[in-house]
Structure formats: structure tokens, C-alpha cells
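Work through the exercises below with the sequence and the model at hand. Each task is followed by a solution in steps.

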Amino acid sequence: MFDIISEYQDQLIDAFWMTIKLTVFSAIGALVLGTIVAGMRVSPVPVARWVGTAYVNIFRNTPLTLILVFCSIGLYSSLKLDLGATSLAQINFRWAIVGLSVYTGAFVCESLRAGINTVHMGQSEAGRSLGLTFTQNLRLIVLPQAFRAVIAPLGSVLIALTKNTTVASAISVAEASFLMSKMIETEAAIVTVGAIFMIGFVILTLPTGLLFGYLAKRWEVAR
């Protein structure tokens, strides 16, 4: 195992660094998008609720591979949308972030909506009695408490996102699973190669689970 790690050291670092970048940028995009859609799902406007529900049902039930391939082939190859990138590697990387963000945003939305439902109705009514609009009430009163209530579920979503970055290899993004498939083609020790990447993903995801578990206990809302 150590001989293989030594031989592919630089490539392994680059591959897992790509996985980390995909995770971080996609997590930011999914958090922003999921928060907006969660607000739409609890909106008093029927059209907004319908759009939010449609978004969640469509993307939560669509395979991630299909979404990424559609972004790469449908939006880039067919419509020539390059997102301002200058090379094919950059284009695939940016579309992978878009696809992962859109897909994961549906799960973030549902986690947040569950958190919103834990906030006592009286607090929202108190905000309205003070003259706050729906958006102000959501932003100042409801969402801060909702986020605290769903820290652990959001951590699970982030861990799932980290593992889902492996699907980006479908559009030739050089992340960890892309390198693993190349190494399996050239190395006889397939089990060893698999073990290396299994350990790598455990190193990436285990601290995330521990951190969010600690934060959930630290900031848990007493009911």
C-alpha cells in the first residue's frame, strides 16, 4: 500500500484536493439555494409554494449522474454555456458544482423545512404583530432557530455531498474516484487501491460528522 501511495502521491493529493473543492463550493451553493427554496415552500404565496415543491420533487428524484451529464452535454455542448471558463477542465469543474449544488439543494431545503416546522407558531405570530413582513419574519426569527434545530441533519447532507462528488467523474472531473478508476486499470492490487480511497474518504467525512455532532449538542435548541 505504501509503495502505491508513494508512487501516486502527487496525483492523490491533487485528486482529493479537487474533491474538497467540489464539496466546499457545492455546499455553499446548495445552502444558499436550499434556503431560498425552503422559504418558498413555506411562503404564503401559492405559486412560490408550488415552484418550491416542484423543485424538490424533481431534483430529489432525479439521479445525480443524469443531472451532471445534462449540465455537461445539454447546457455546455449543445447550448455552449461555458460559465466563463477557458478550458474544458474548468468548464466541467464549474458545471459539476452547479449540478451538485442543484441536487443537494433539494435535500438542504427539506432539512430546513423540517427545522422551520419546529419553530413555535406563536413566535411567527409575534413577529407579524410587530409589523414584520414574511421575509423579515423568516430571516430574523424563524431561520436562525431552524438552522440550530437541523445542524445534525445538515451535517449528514454535507457528508453525502462529499461522497456524491465521486459522480463528477462521469463528466471527466479529475477528483478522487476518477483517479481511482485510472489506478485500477494500471495496478494489479485492486483491493489495495480501493482501500486507499476508502481511507481517504473516511478521513474527509469523519471529522465533518464529529464537528456537526458537537455543534448540534452545543447549539441545540431546548424545547
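A contact means heavy atoms within 4.5 Å. This is a predicted model, in which local features need pLDDT of at least 70 and side-chain atom pairs count only at pLDDT 80 or more, while totals for chains, interfaces and linings use all residues. Residues are numbered from 1 along each chain as its sequence is written, and side-chain values use heavy atoms, with hydrogens and water left out.

**Exercise 1.** Locate T165 and decide whether T165 is buried or exposed.

Step 1. T165 sits in the loop that links α8 (151-164) and α9 (176-186); helices are DSSP runs of H or I, at least four residues, and strands are runs of E, at least two, numbered from the N terminus.
Step 2. Leaving out residues up to four places away in sequence, T165 touches T19, L22, T23, L100, E175 and F201.
Step 3. The relative accessible area of T165 is 0%, so T165 is buried (buried is under 20%, exposed over 50%, partly exposed in between; 1.4 Å probe, protein chains only).

**Exercise 2.** Classify I36 by its accessible area.

Step 1. Helix α2 (residues 9-41) contains I36.
Step 2. With a relative accessible area of 48%, I36 is partly exposed.

**Exercise 3.** Describe the chain over residues 12-38 and 58-79.

Step 1. Over residues 12-38 the chain is 100% helix and 0% strand, with end C-alpha atoms 37 Å apart.
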